[in-house]
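Open the model in your viewer and keep the selection tool ready. This tour goes stop by stop.

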Amino acid sequence: DIIPQPLLDQYLSMTDPARAQTVDTEIAKHCAYSLPGVALTLGRQNWHCLKDTYETLASDVQWKVRRTLAFSIHELAVILGDQLTAADLVPIFNGFLKDLDEVRIGVLKHLYDFLKLLHADKRREYLYQLQEFVVTDNSRNWRFRYELAEQLILILELYNPNDVYDYLRHIALTLCSDKVSEVRWISFKLVVAILQKFYANSASALGLNFINELVVRFRHCSKWVGRQAFAFICQVGMFSLCFYVYIKS
């Protein structure tokens with residue numbers, strides 16, 4: 001009673017491999033692109049009508065189809081709500097995380113948008129996997145690492161200071177030593193955001209430990225690029241206040 005049944009049946013048949021060979025090789029990609037709109041029209045109560053089609057598209061042999069879904073999975077999560085997302089989208093999301101870089105970039109660009117929709121316990125499971133984004137199929141794909149640093153700045157608010165120190169700190173330090181200057185610069189902002197996180201949550205001990213690590217790793221680095229990194233971190237902003245606390249301690 002929402003849309004004519006023949007129209008829905010026609011849409012669902014677009015994932016048939018025979019149609020891709022005889023009608024249009026791009027038809028599955030078009031279907032994937034339109035799926036969030038169809039899901040919104042049908043409503044979450046009718047998600048069962050689309051679930052099988054979505055799973056079929058998510059396992060399509062064409063990476064462009066999977067990439068299209070990866071870029072919109074956060075929008076679909078908003079439509080479906082937390083329960084359906086945890087049951088039906090999280091497994092697909094996990095599969096995209098291990099896919100080609102062309103697909104992974106889709107979930108990476110909206111990583112914060114997706115993680116914030118999950119329950120805290122489920123969200124915490126991804127702390128172990130964030131490190132995997134540092135490694136790419138092509139090491140020259142520096143924009144992938146740049147996007148990771150940008151997303152981590154947003155993701156900081158989703159985790160407590162201890163989790164940030166135990167997991168995200170290591171990623172930030174790795175990115176600060178990246179070979180590409182653009183990646184290093186956004187990573188300096190990430191470092192400052194981490195320090196702000198510690199002091200905003202009264203985790204000054206973690207903040208001081210992190211500052212000590214920055215001093216040892218960059219301020220006393222034998223290479224000039226490391227010492228330059230320390231100067232840039234200070235330049236970014238709030239680090240000056242944290243460094244003052246360090247000196248006084």
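**Stop one: F144**

Select F144: at 1% relative accessible area it is buried (buried means under 20%, exposed over 50%, partly exposed in between, with a 1.4 Å probe and protein chains only). This is a predicted model, in which local features need pLDDT of at least 70, side-chain atom pairs count only at pLDDT 80 or more, and totals for chains, interfaces and linings use all residues. Residues are numbered from 1 along each chain as its sequence is written, and side-chain values use heavy atoms, with hydrogens and water left out.

F144 sits in helix α9. Helices (H or I, at least four residues) are DSSP runs numbered from the N terminus. Now show what surrounds F144. Leaving aside neighbours within four places in sequence, F144 is in contact with D101, R104, I105, L108, F133 and T136; contact means heavy atoms within 4.5 Å.

Is R145 buried or exposed? R145 counts as buried, at 8% relative accessibility. Not counting residues up to four places away in sequence, R145 touches V134, T136, S139, L175, D178, V180 and V183.

Next, select the lining of the largest pocket: V134, V135, T136, S139, R140, W142, R145, S177, D178, K179 and V180. A pocket is found on a 1 Å grid over the protein atoms alone, as an open set of points where a 1.4 Å probe fits, with protein on both sides within 12 Å along at least five of seven lines; lining residues have an atom within 4 Å of a point. The volume is about 220 Å³. Colour the lining by type to find 4 nonpolar, 3 polar and 4 charged residues.

**Stop three: the bent helix**

Select α5, residues 63-97. Its 35 residues have end C-alpha atoms only 13 Å apart, short of the 51 Å a straight helix would reach at 1.5 Å a residue. Where does α5 bend? Centre on G81, where the bend is about 125°, taken between axes fitted to the seven residues ending there and the seven starting there.

**Stop four: S202**

Finish at S202, in the loop between α11 (181-200) and α12 (204-219). S202 counts as exposed, at 68% relative accessibility. Check its phi: near 55°, a positive value in a residue other than glycine. Most residues other than glycine have a negative phi.

Terms used: Helix = DSSP H or I, 4+ residues; strand = E, 2+ residues; numbered from the N terminus. Expected span 1.5 Å × (residues − 1). Points joined across faces, edges and corners; volume = space filled by probe spheres on them. Nonpolar A, V, L, I, M, F, W, Y, C, P; charged D, E, K, R; others polar.
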